Amino acid sequence: MLGTIFAIDDDEAFGTENGLPWERCADDMKHFATLTSKSVLIMGRYTWETMPQRKIVQSRICIVVCTSSCRSRLGEHYASSLKGAIELWKRLYSNRDAFVI
């Protein structure tokens, strides 16, 4: 299954200044962790750089969409487009659910 996960605030914003537009909500984070456990996460470079790395990569595989210039800085899988990231997931991890975040 391929799905998307995102949250918005009361003004329909889902990000501001490379972060969340609200304080961390323990219930939301727990829901995200439970839903995405043992899955593949597909995200852009800015999302990857702002994620709490130690926590997010536990039991998850991350595919980062970025240009070729950022590839050497990543320890995860990468793709140059969303289409490429989805193809990579299908080729390597089709037995796991994937979420675009």
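1. A word to begin with: two strands count as paired if DSSP finds at least two bridges between them. Keep that in mind for glycine 3, which stands opposite phenylalanine 99 in strand S5. The model you are looking at is a predicted one.

2. Let's stay with that pair of strands for a moment. S1 covers residues 2–4, and S5 covers residues 98–100. The two run parallel, and three bridges join them.

3. Now for the whole chain. How many helices and strands does the secondary structure come to? There are four helices and five strands.

4. The five strands form an open sheet, in the order S1-S5-S2-S3-S4, with parallel pairing. Which strands stand at the edges? They are S1 and S4 (77–79); each has a single partner strand, so one side of each is left without a neighbour in the sheet. From one strand to the next, the twist averages 25 degrees.

5. The chain has 101 residues, and 28% of them are buried. Take the contacts between residues at least 6 apart in sequence: 45% of these join residues at least 24 apart. The accessible surface of the chain comes to about 7,000 Å², and carbon and sulfur atoms account for 51% of that.

6. Please turn the model to phenylalanine 6, in the loop between strand S1 and helix H1 (26–36). Is Phe6 buried or exposed? Its relative accessible area is 61%, and exposed means over 50%, so phenylalanine 6 counts as exposed. Together with Ile8 and Phe14, Phe6 forms a nonpolar patch on the surface. The accessible area of these three residues together is about 380 Å².

7. One last stop is lysine 38, in the loop between H1 and strand S2 (40–44). Most residues other than glycine have a negative phi. Lysine 38 also has a relative accessible area of 59%, so this residue is exposed by the cut-off of over 50%.

Definitions and conventions
Residues are numbered from 1 along each chain as its sequence is written. This is a predicted model: local features need pLDDT of at least 70, side-chain atom pairs count only at pLDDT 80 or more; totals for chains, interfaces and linings use all residues. Side-chain values use heavy atoms; hydrogens and water are left out. Buried means under 20% relative accessible area, exposed over 50%, partly exposed in between (1.4 Å probe, protein chains only). Contact means heavy atoms within 4.5 Å. Accessible areas come from the Shrake-Rupley method with a 1.4 Å probe; for residues, only the protein chains shown count as cover. Patches are made of residues with over 30% relative accessible area and no salt bridge: like charges are joined within 9 Å, nonpolar side chains (Val, Leu, Ile, Met, Phe, Trp, Tyr) within 5 Å. A salt bridge is a side-chain nitrogen of Lys or Arg within 4 Å of a carboxyl oxygen of Asp or Glu. Axes are lines fitted to C-alpha atoms, for helices over the stretch in contact, and angles run from 0 to 180 degrees between N-to-C directions.
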